[in-house]
Amino acid sequence: MLTTEDARTPQGDNAGPHPWRRYVAIGDSFTEGVGDPEPAAANGLRGWADRVAEVLSEQVDDFAYANLAVRGRLIGQIVREQIEPAIALKPDLVTFSAGGNDVIRPNSDPDRVAQLFEDAVVRLSRDGATVVVFTGIDTAFTPVFRGIRGKVAIYNENIRAIADRYDCIVADQWALKEVQDMRFFDDDRLHYNALGHHEVARMVLRALNVPNDLQPMQPDPLPLRTWREARAVDLVWAREYLVPWVLRRLRHQSSGDAITAKRPDPLPVTSTLPEADSSSLPSLSPEAAASRGEED
């Protein structure tokens, strides 16, 4: 059995096998893997959490991984629906990302989000599991979300304070400059694509001090487009993604209303794709490439 000190705070280089045998991921679309389709993966999605689990499973025997995340979930829903089921699985490693869907909504309160977040961390860490939490991405690079940069920063400071109080590991998206580029995002301009999920997986493994062979990936160069062509792409994006998002808000619906956890039980991990170079990842669509600098 891991001691609390051994479990929660990796120190220095992890020269030997990592200490974890049961990993549970909790959250929303970010953790579910939306934007990173893979037919061979559970629910047709891979994502950073699957990629982390693949690396961890290669280094120890009897490793198991569950992913309870569901797209569209607000932090209150995640706390109600996922925390106790996660604890019941008796994990020694938990990744907990929640509150992003709250923060992007008008009039939301990052301090209220922090209260719910802290209550969840207390419960998740009470049995000595290592808990990894995430800061939000720096939105300065994207015009659509640039206006909430200050609110994201408050959210992040709250997350860091909670992590410090309960000895959590912080996976710092705010400092992950590599992904502050729309070429790392899906066509919807909201979710990471395969490149983005790959870079987040590398960041999480660094935070855990787990050696790995994942290499940085470089996106293709941006295509040259005229102003008129770029605006045409914007109109397509608004019709296919922005308008449906607004309509769901007005109808009090969620993209995850009919979705269940893709991996509710801890199971052995089978890698779905080899990690090699950028040729092993899907190339960006012209729409995604043209949308650099804008996001929903």
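Trainee: Before we start, what is a polar contact here?

Mentor: A polar contact is a pair of N or O atoms within 3.5 Å, and within protein one must be able to donate a hydrogen and the other to accept it. The model is predicted, by the way.

Trainee: Good. Which backbone nitrogen lies 3.2 Å from a polar atom of the Thr 135 side chain?

Mentor: That of Trp 174. The Thr 135 side chain also has a polar contact of 2.8 Å with the side chain of Asp 172.

Trainee: Where is Thr 135 found?

Mentor: In the loop between strand 4 and helix 7.

Trainee: Buried or exposed?

Mentor: Thr 135 counts as buried because its relative accessible area is 1%, and the cut-off for buried is under 20%.

Trainee: What else is Thr 135 in contact with, leaving aside neighbours within four places?

Mentor: Asn 156 and Arg 160 are on the list, as are Val 170, Ala 171, Asp 172, Gln 173 and Trp 174. Asn 156 is also one of the buried residues of helix 8. There is a C-alpha distance too: Thr 135 and Ala 153 are 18 residues apart along the chain and separated by 8.7 Å.

Trainee: And Thr 139, where is that found?

Mentor: Also in the loop between strand 4 and helix 7 (143-146). Thr 139 is buried, with 5% relative accessible area. Beyond four places in sequence, its contacts are Phe 145, Arg 146, Ile 148, Arg 149 and Val 152.

Trainee: Let's do helix 8. How many residues, and how far does it reach?

Mentor: Helix 8 has 18 residues. From first C-alpha to last it reaches 26 Å, close to the 26 Å expected at 1.5 Å a residue.

Trainee: Which residues are buried in helix 8?

Mentor: Lys 151, Val 152, Tyr 155, Asn 156, Asn 158, Ile 159, Ile 162 and Ala 163. They sit on the same side of helix 8 because they cover an arc of only 165° around the axis.

Trainee: What covers the buried residues of helix 8?

Mentor: The cover includes helix 5 (100-103), helix 6 (110-125), strand 4 (130-134) and strand 5.

Trainee: What comes just after helix 8?

Mentor: Asp 167, with a positive phi of about 60°. Asp 167 is not a glycine. Most residues other than glycine have a negative phi. Asp 167 is in the loop between helix 8 (149-166) and strand 5 (169-171). At 28% relative accessibility, Asp 167 counts as partly exposed.

Trainee: What about the phi of Lys 90?

Mentor: Positive, about 55°, and Lys 90 is not a glycine either. Lys 90 sits in the loop between helix 4 (75-88) and strand 3 (93-96). Lys 90 counts as exposed, because its relative accessibility is 68%.

Trainee: New topic: cores. How many residues are in the largest nonpolar core?

Mentor: It has 37 residues. Tyr 23, Trp 48, Phe 134, Val 200 and Val 204 have the most contacts inside it. At least two residues each come from strand 1 (22-26), helix 3 (47-59), strand 4, strand 5 and helix 9 (194-207). There is a second, separate core of 33 residues, which includes Ala 114, Ala 129, Ala 163 and Trp 174.

Trainee: Back to Trp 48. What does it touch?

Mentor: Not counting residues up to four places away, Trp 48 touches Tyr 23, Phe 30, Thr 31, Thr 95, Phe 134, His 197, Val 200, Ala 201 and Val 204.

Trainee: Now Glu 32. Buried or exposed?

Mentor: Buried, as its relative accessibility is 0%. Glu 32 lies in helix 2 (residues 29-32).

Trainee: Which side chains make polar contacts with the Glu 32 side chain?

Mentor: Asn 43 does, at 2.8 Å. Arg 71 does too, at 2.7 Å. Beyond four places in sequence, the contacts of Glu 32 also include Leu 45, Arg 46, Ile 259 and Lys 262.

Trainee: Last one: the whole protein. How many helices and strands?

Mentor: Eleven helices and six strands. Of the 296 residues, 52% are buried. The protein exposes about 13,600 Å², and carbon and sulfur atoms supply 52% of that area. Among contacts with a separation of 6 or more, 78% join residues 24 or more positions apart.

Notes
Residues are numbered from 1 along each chain as its sequence is written. This is a predicted model: local features need pLDDT of at least 70, side-chain atom pairs count only at pLDDT 80 or more; totals for chains, interfaces and linings use all residues. Side-chain values use heavy atoms; hydrogens and water are left out. Helices (H or I, at least four residues) and strands (E, at least two) are DSSP runs, numbered from the N terminus. Buried means under 20% relative accessible area, exposed over 50%, partly exposed in between (1.4 Å probe, protein chains only). Contact means heavy atoms within 4.5 Å. Accessible areas come from the Shrake-Rupley method with a 1.4 Å probe; for residues, only the protein chains shown count as cover. The expected span of a helix is 1.5 Å times one less than its number of residues. The arc is that of the directions from the helix axis to the C-beta atoms. A nonpolar core is a set of buried Ala, Val, Leu, Ile, Met, Phe, Trp, Tyr and Cys residues joined through side-chain atoms within 4.5 Å.
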